[in-house]
Amino acid sequence: MKKHNNKRSSFSGKLGFVLSAAGASVGLGNIWRFPYLAAKYGGGMFLLVYIILALTFGYTMIVAETSIGRMTKKSPVGAFKFFGNSKFASLGGWINAIIPILIVPYYSVIGGWVIKYLAEYIIGGSKLLAGDDYFTNFITGGFSAEICFIIFTFITLAIIYAGVRNGIERVSKFMMPILIVLSIIITIYSVTRPGALAGVKYFLIPNFDNFSWMTVVAAMGQMFYSLSIAMGILITFGSYMKKDLSIEDSTKNVEIFDTAIAIMAGLMIIPAVFAFSGGDPDALNAGPSLMFITIPKMFESMGLSTVVGILFFTLVLFAALTSSIALTESAVSTFQDEFGWGRKKATFILGGIMLVLGSLSALGYGPLACVKIIGMQFLDFFDFLTNSVMMPIAAFATCILVSKVIGLNKIEEEVLNGEGKFRRKKIFNFMIKYLCPIFATIILLSSIANAFGLITI
């Protein structure tokens with residue numbers, strides 16, 4: 001095994017790691033994808049399946065990736081190579097490393113859309129935002145979306161430039177508590193609307209008649225979005241984690257944090273849409289149309305649209321920023337480790353990559369709308385490539401690395417370091433050896449089948 005360089009940044013302690021890892025996890029996937037999937041696949045039944053998966057599949061992957069990072073003190077490529085410089089190790093590491101480099105540019109485009117909507121709410125444009133064609137005109141209308149994307153990108157890069165403690169940790173400690181408070185305020189507003197109670201019941205009370213195999217497949221897919229699994233982030237953040245911190249306790253806190261925000265996202269959106277639509281769960285659209293079309297219309301119909309719009313899009317902006325920071329940091333860390341660059345150079349070069357790839361996505365619905373890859377606009381293609389193809393492969397590679405190369409005993413040693421405990425050791429061992437690779441394969445095949453219209457998720 002290679003010796004590793006100990007001169008590495010680190011989080012100040014458990015709170016810094018947990019809030020930064022939770023910030024990575026709490027992103028747009030929680031706010032626009034989780035409520036949509038929950039509404040589509042059985043409400044309370046989906047929620048129950050998701051929580052079970054979070055405590056097993058999610059837990060296992062977080063512990064595995066964090067342990068690999070802390071054990072090696074390296075970002076994904078170096079971490080995989082640490083255990084033997086085979087073609088498998090090199091490929092597995094690079095897949096984990098490339099995912100955030102491809103995700104963060106288009107993610108920043110969506111972050112730019114959030115900035116635009118927040119700015120409009122602040123200047124009193126709530127009626128404008130609720131108009132039928134506002135969102136379509138904005139993303140197809142030329143360079144307004146590009147400018148908003150550039151603003152979001154520069155905010156992210158400025159935080160990364162400041163470093164692990166002064167940038168990522170400080171911002172996470174500031175943003176995450178505010179995000180929780182805003183979530184609670186908007187949830188209370190949503191569930192107290194007339195007609196919202198039916199949505200609360202549908203979302204929280206499992207009905208076994210609503211269970212299907214697709215409920216499990218959709219919940220498994222959501223795990224990747226919600227917990228930042230298989231993106232290289234947790235390996236990178238694990239490499240910044242001090243040896244005396246408990247990996248299992250930190251993982252438990254991230255699980256609780258992320259699941260609580262996902263549940264609150266469901267309570268923010270599903271009851272309000274039920275009230276707005278007269279109890280129709282099909283009124284929840286997926287992704288951008290939910291966030292940028294349905295929700296502004298809903299706020300406008302309920303009153304207090306300006307205040308609630310400002311609070312909601314501030315929350316969404318913070319969620320988008322904490323995730324984009326984590327994705328960018330993972331990429332910068334890879335550049336530092338693999339090419340020997342300093343943080344300044346790595347941040348500038350990644351910024352250039354983000355501006356080029358992100359501009360394709362930002363202009364992909366407007367000036368570049370005529371250019372498509374396998375029938376998809378740039379943003380949709382990058383999303384499909386990373387989330388549907390590369391992330392399940394990265395998760396599979398991590399499982400094989402842990403169970404066949406590193407060995408379960410080595411992971412146990414790392415988890416038990418310092419004051420650590422390994423209460424769910426049996427679950428971890430069974431999941432990493434058997435179920436997690438199977439789950440990753442199912443997600444890969446079902447996602448590809450969904451993209452080509454063979455099934456619908």
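Q: Which helix holds the place of serine 361?
A: Serine 361 sits in helix H16, residues 343–362. Helices here are DSSP runs of H or I, at least four residues, and strands are runs of E, at least two, numbered from the N terminus. This is a predicted model: local features need pLDDT of at least 70, side-chain atom pairs count only at pLDDT 80 or more, and totals for chains, interfaces and linings use all residues. Residues are numbered from 1 along each chain as its sequence is written, and side-chain values use heavy atoms, leaving out hydrogens and water.

Q: Is serine 361 buried or exposed?
A: Serine 361 is buried, at 1% relative accessible area. Buried means under 20%, exposed over 50%, and partly exposed in between (1.4 Å probe, protein chains only).

Q: What does serine 361 touch, leaving out residues up to four places away in sequence?
A: Serine 361 touches Tyr106, Val109, Phe378, Leu379 and Phe382. Contact means heavy atoms within 4.5 Å.

Q: Zooming out, how many helices and strands does the protein chain have?
A: The chain has 19 helices and zero strands. Its radius of gyration is 21 Å, close to the 23 Å from the globule rule for 457 residues, so the chain is as compact as a globular protein of that length. That radius is taken over C-alpha atoms, and the rule is 2.2 Å times the number of residues to the power 0.38.

Q: What are the spans of the C-alpha trace along its principal axes?
A: About 60 × 50 × 40 Å.

Q: And how much of the chain is buried?
A: Buried residues make up 61% of the 457.
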